[in-house]
Amino acid sequence: MRERLTKSDVKKIEEEIEYRKLVVRKEALEAVKEARAHGDLSENFEYHAAKKDKNKNDSRIRYLERMLKTAEIISDESKEDEAGINNTVTVYFEEDEEEQVFRLVTSIRGNSMKNLISTESPLGKAILGRKVGDRVKITVNEGYSYDIIIRKIENTKEDADDAIRGY
């Protein structure tokens, strides 16, 4: 599946790739070189750990580059009165009689612990494009669904939490 990324997401990924190539890779190569100098490689734990760290970093770089190559670039622009990417949305859960505030983000930035809800998730899909006052039924599975009401939409254009970084 192709990742759907905003221009801001692409910029952050490019920054991470550059950081990993220029800083992390240099440190990892130095650690491998230093561990290799300790002698017998077959029983050298430091050498194997340094190689593992170097390979993990290289793998992350390849993953991010492949993601950028195949990504679909989407706009984070939305109408003033509609919930869109990077908007903060206050939702009322009727069943629980409780309000919660979420920020709609692309899937790569989704982090439910920080209330960053991916537009690919059932809740994110239900909120995306809705207006204040809209009542939405969210079906989790065949046996369970719940209703929400959109209470407030705030247009927050600053970058979402730096949840992209994988380290």
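Let's start with salt bridges: a search of the whole structure finds 13 of them. A salt bridge here means a side-chain nitrogen of Lys or Arg within 4 Å of a carboxyl oxygen of Asp or Glu. Side chains of opposite charge can pair when their charged atoms come close. Two notes on the source. This is a predicted model, where local features need pLDDT of at least 70, side-chain atom pairs count only at pLDDT 80 or more, and totals for chains, interfaces and linings use all residues. Residues are numbered from 1 along each chain as its sequence is written, and side-chain values use heavy atoms, with hydrogens and water left out.

Take the pair within helix α1. Glu-16 and Arg-20 meet through their side chains in a salt bridge, at 2.8 Å from N to O. They sit four residues apart in helix α1, so about one helical turn separates them. Helices, by the way, are DSSP runs of H or I with at least four residues, strands are runs of E with at least two, and both are numbered from the N terminus.

Glu-16 has 0% relative accessibility and counts as buried. Arg-20 is buried too, with 6%.

Next, a pair between helices. Glu-65 forms a salt bridge with Lys-21, and their closest N and O atoms are 2.7 Å apart. This pair links distant parts of the chain: Glu-65 is in helix α2 (residues 45–70), Lys-21 is in helix α1, and they are 44 residues apart. Glu-65 is partly exposed, with a relative accessible area of 30%. Lys-21 is partly exposed as well, at 34%.

There is also a network. Salt bridges link Arg-4, Glu-72 and Glu-120.

Stay on helix α1 for a moment, residues 7–36, because Tyr-19 has its place there. Tyr-19 is partly exposed, with a relative accessible area of 34%. Together with Leu-22 and Val-23, Tyr-19 makes a nonpolar surface patch of about 250 Å². Patches are made of residues with over 30% relative accessible area and no salt bridge; like charges are joined within 9 Å, and nonpolar side chains (Val, Leu, Ile, Met, Phe, Trp, Tyr) within 5 Å. The areas come from the Shrake-Rupley method with a 1.4 Å probe, and for residues only the protein chains shown count as cover.

Now the strands. Two strands pair if DSSP finds at least two bridges between them. Strand β3 (residues 87–93) and β4 run antiparallel, joined by six bridges. Thr-88 has Arg-103 as its bridge partner in β4. The two strands form a hairpin with four residues between them.

Which residue in that turn has a positive phi? Glu-97 does, at about 50°, although Glu-97 is not a glycine. Most residues other than glycine have a negative phi, and most peptide bonds are trans. Glu-97 is exposed, with a relative accessible area of 65%.

Glu-97 also belongs to a negative surface patch, with Glu-95, Asp-96 and Glu-98. For charge, Lys and Arg count as positive and Asp and Glu as negative, while His and the chain ends are not counted. The place of a charge is taken as NZ of Lys, CZ of Arg, CG of Asp or CD of Glu. Glu-98 lies in strand β4, residues 98–105. Glu-98 is partly exposed, with 38% relative accessible area.

On the other pairing of β4: strand β5 (residues 116–118) joins β4 in the parallel sense over three bridges. Leu-104 has Ile-117 as its bridge partner in β5. The loop between β4 and β5 holds Asn-115. Asn-115 has a positive phi of about 60° although it is not a glycine. Asn-115 is partly exposed, at 27%.

Last stop, β6 and β7. Strand β6 (residues 135–141) and strand β7 (residues 144–155) run antiparallel, with six bridges. A hairpin of two residues joins them.

What is the bridge partner of Lys-137 in β7? That partner is Asp-147. The two side chains also form a salt bridge, with the closest N and O atoms 3.7 Å apart. Lys-137 lies in β6 and Asp-147 in β7, so the pair ties together parts that are 10 residues apart in sequence. Lys-137 is exposed, at 54%, and Asp-147 is partly exposed, at 24%.

Notes. Buried means under 20% relative accessible area, exposed over 50%, partly exposed in between (1.4 Å probe, protein chains only).
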